[in-house]
Structures are given as C-alpha cells and as structure tokens.
Amino acid sequence: MFIHINRILLFLFVLISAVSFAQPQNDFRGIVGLGIEKKLSRSFYLNFLNNEIVNQNLTELSLGFADAGITYRMNRNISFSANYRYSKSRTLENIFSKRQMIYADVSVQKYFNKFNFSFRARLQNQFYPHIFSENFKTNQLYYRNRFAVRYKINYYLSPYFSIENFLFLNSYLVFKSL
C-alpha cells in the first residue's frame, strides 16, 4: 500500500513540475541567498535572510532584499513572528525602486504520519520611503494566508502542495476624520 501511495505521489509531483516548468522563459535566472538563525532561548529566535535574484542570463540584479525578525515558538505546532524587510527592485526604466515591509505571522502545523499540514496567516504593510518622489505609492496593506501539505517520502525527498491568497486591505479600511 505504501509503495502505491509513494508512486502515485511521485507521479503527481513529476506531472505538476512538468506543467509548471513548461512555461516560456526568456532568460536564465538565479537566486542567491543567505539565512542565519540565532536561538536566544528555548522559545525565541532571531533570524536574518538576504536574497538576490539575478536575471538576463545571470548578468543583471533584478531584486535584492534583507529581512530580519524575531520568532516565538509557543510549542512544536504554533509560532508567532514579526519581521522587517528592505528591498530594491529593478523597474522597467532600469532604476531601482526601494520598498520596505513590516509583517507579522501566525503559523500552525500538524503532523499525521508522513503528512505535514501547515497554515500561515500574515498581515503585511508595504511602504515606499520617498514621499516627495514622482514614483510615490501609498502604503499597501495585505492579509495573506498560505496552506501547505507535505508528504515525506524519505529524508531527501518531500513533495508538497501549497496555495496562498492575497487580500488587499486598503480598499476595505475606511478612515474618518474627526
């Protein structure tokens, strides 16, 4: 029975991968990143992540960001985190647009045999630092949910399915001046 489930899951993983990799690609892209996590106590962690995305056959920086935050693990299944992200993204005019983001996460996960179910709720506020620039954009407040299911075949192989939705909250918030 286990062998049949493994074969079916492997077939679905290969099929989904083949469909997603069949999209047209104009150039070769790469992602370089470094992540560091420091355990402060049994429940608190500091983390830092730096990523760069390079495109145009690995010759042009497309996006770069630095992310720092703190995580509190209540237990094995529930965690809370607060993070700050500073990013630069190349625009169509070939200039870098600076963005900053503050976000908070609540994550819940549960293991059933070889399956791992996880849910993450994120509230994020993205803002642009240049108020007097011609490229000024207002703050963007989002509520993001992600649900993922992982199946652990062995130590090295763990296919998963993940779905995420973005809810743009700026249109739902009404501010009244007194």
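**Close-up 1. Strands line the largest pocket of this predicted model.** Strand 3 (60–73), strand 4 (78–90), strand 5 (96–112), strand 6 (115–127), strand 7 (140–151) and strand 8 (160–168) each supply at least two residues of the lining. The pocket has a volume of about 600 Å³.

**Close-up 2. Arginine 120 meets glutamate 164 in a salt bridge.** The N to O distance is 2.8 Å. Arginine 120 belongs to strand 6 and glutamate 164 to strand 8, so the bridge links distant parts of the chain, 44 residues apart. Glutamate 164 is partly exposed, at 30%. Shared partners join Arg120, Arg144 and Glu164 into one network of salt bridges.

Close-up 3. Aspartate 67 and arginine 85 meet at 2.9 Å, N to O. Aspartate 67 has 4% relative accessibility, so it counts as buried. Arginine 85 is buried too, at 19%, because the cut-off for buried is under 20%. Arginine 90 pairs with glutamate 60, their closest N and O atoms being 3.7 Å apart. Arginine 90 is partly exposed at 23%, and glutamate 60 is partly exposed at 24%.

**Close-up 4. Two arginines sit over aromatic rings.** Arginine 85 lies over the face of phenylalanine 65, 4.2 Å from the ring centre. Arginine 85 also takes part in the salt bridge with aspartate 67. Elsewhere, the charged end of arginine 150 sits over the ring of tyrosine 160, at 4.4 Å from its centre.

**Close-up 5. Phe112, Phe115, Phe117 and Tyr151 form one aromatic cluster.** The structure holds eight aromatic pairs. One of them joins phenylalanine 112 and phenylalanine 117, with centres 5.9 Å apart and planes at 65°, an edge-to-face pair. How are the rings of phenylalanine 115 and phenylalanine 117 arranged? Their centres are 6.3 Å apart and their planes meet at 20°, so the pair is stacked. Phenylalanine 112 is partly exposed, at 46% relative accessibility. Phenylalanine 115 is partly exposed at 31%, and phenylalanine 117 is partly exposed at 31%.

Notes:
Residues numbered from 1 in each chain as written. Predicted model: local features only at pLDDT ≥ 70, side-chain atom pairs only at ≥ 80, totals over all residues. Heavy atoms only, no water. Phe/Tyr/Trp six-rings, centres within 6.5 Å; stacked < 30°, edge-to-face > 60°. Buried < 20%, exposed > 50% of the residue type's maximum accessible area, 1.4 Å probe, protein only. Lys NZ or Arg CZ within 6 Å of the ring centre and 35° of its normal. 1 Å grid on protein atoms, 1.4 Å probe; cavity = no way out; pocket = protein on both sides within 12 Å on 5 of 7 lines; lining within 4 Å. Points joined across faces, edges and corners; volume = space filled by probe spheres on them. Helix = DSSP H or I, 4+ residues; strand = E, 2+ residues; numbered from the N terminus. Salt bridge = Lys/Arg side-chain N within 4 Å of Asp/Glu carboxyl O.
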